[in-house]
Amino acid sequence: MKYKMLVLDIDETLLPSSQVISRANLDAVHDAQGAGVFVTVATGRGFLGSKRVIDELGIKGGVINYSGALITDTVTGGVLHVDEIEPQLVCELLSTARELGVHSHLYQGDAIIYERPHPYADRYKRVLGLEGHEDADAAKKLWKNVPKVLYITEPERIPEMLPMLRERFGSRLEIALSSPGFIEFNAPGSHKGTAVKWLARHMGIDIGDVIAMGDNTLDIDMIKCAGLGVAVANGAEEVKRAADVIAPACEDDAVKWVIGNYILQPEGETE
């Protein structure tokens, strides 16, 4: 068997809008694990926000959270690797969000911190089961141990905002898109690609033996670095151009398709 590791983005790749892993995808993941393949996730979510998915998949080993800034061992609960945003940059990001009139929050452990109440914050907490804390002076404080800052806005605002943000922060931060209306900021050099390489090396797996699968620009680096980079059909055009293979859409059990064609299928017999 050529591939030894399968890395899955969660939202819009493994999880459809229903937020429920399909039985077909779940059975396929368990079949791959039974064949000796290490299946894990690389997500913009934090550990707590992705724990339900991690538990359902039965992942035993490293998982990648906060867009590559955190790698945690699910067996020991220990942190294997972490990257943090400089405190002054966190303040600048929060101030810029206020200037643009968009919701922003930072992460402290598995809780989110934001300046004022907002429906986006309420929905984010509810969907992921996280604690949230208001702090009107958040942009004035020097926050440490921040793996990621997130902006949430209307998807139609992204085309106008993204070029400006890349011009202002692009040399100092990683900037990428995830779910519709989400703009994610990480420390320089901290992204899913570097995290996948780190985890594969930690496990003694050659990067050429890794499949990475995603849908948005947050996934491009890992798709490019993996031995087989896969974009789902519902993914962004930029991501599909970077991929080696285009899988069916998330809603059409894309994960099952990849496992069936590239992991469990004998080499040379893809459908």
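**Salt bridges in this model**

The side chains of Asp-9 and Lys-192 meet in a salt bridge, with N and O 3.0 Å apart; the term means a side-chain nitrogen of Lys or Arg within 4 Å of a carboxyl oxygen of Asp or Glu. This pair links distant parts of the chain, 183 residues apart: Asp-9 sits in the loop between strand E1 (5-8) and helix H1 (23-34), and Lys-192 in helix H6 (residues 192-203). Helices (H or I, at least four residues) and strands (E, at least two) are DSSP runs, numbered from the N terminus.

This is a predicted model, where local features need pLDDT of at least 70 and side-chain atom pairs count only at pLDDT 80 or more, while totals for chains, interfaces and linings use all residues. Residues are numbered from 1 along each chain as its sequence is written, and side-chain values use heavy atoms, leaving out hydrogens and water.

**The Asp-9 pair**
- Asp-9 is buried at 5% relative accessible area (buried is under 20%, exposed over 50%, partly exposed in between, with a 1.4 Å probe and protein chains only).
- Lys-192 is buried too, at 0%.

**Within helix H1**
- Asp-27 and Arg-23 form a salt bridge, their closest N and O atoms 3.0 Å apart.
- Both lie in helix H1, 4 residues apart, or about one turn of the helix.
- Asp-27 is partly exposed at 33%, while Arg-23 is exposed at 55%.

- Arg-98 pairs with Glu-115 in a salt bridge, the closest N and O atoms being 2.8 Å apart.
- Arg-98 is partly exposed at 41%, whereas Glu-115 is buried at 12%.

**Overall**
- The structure holds 16 salt bridges.
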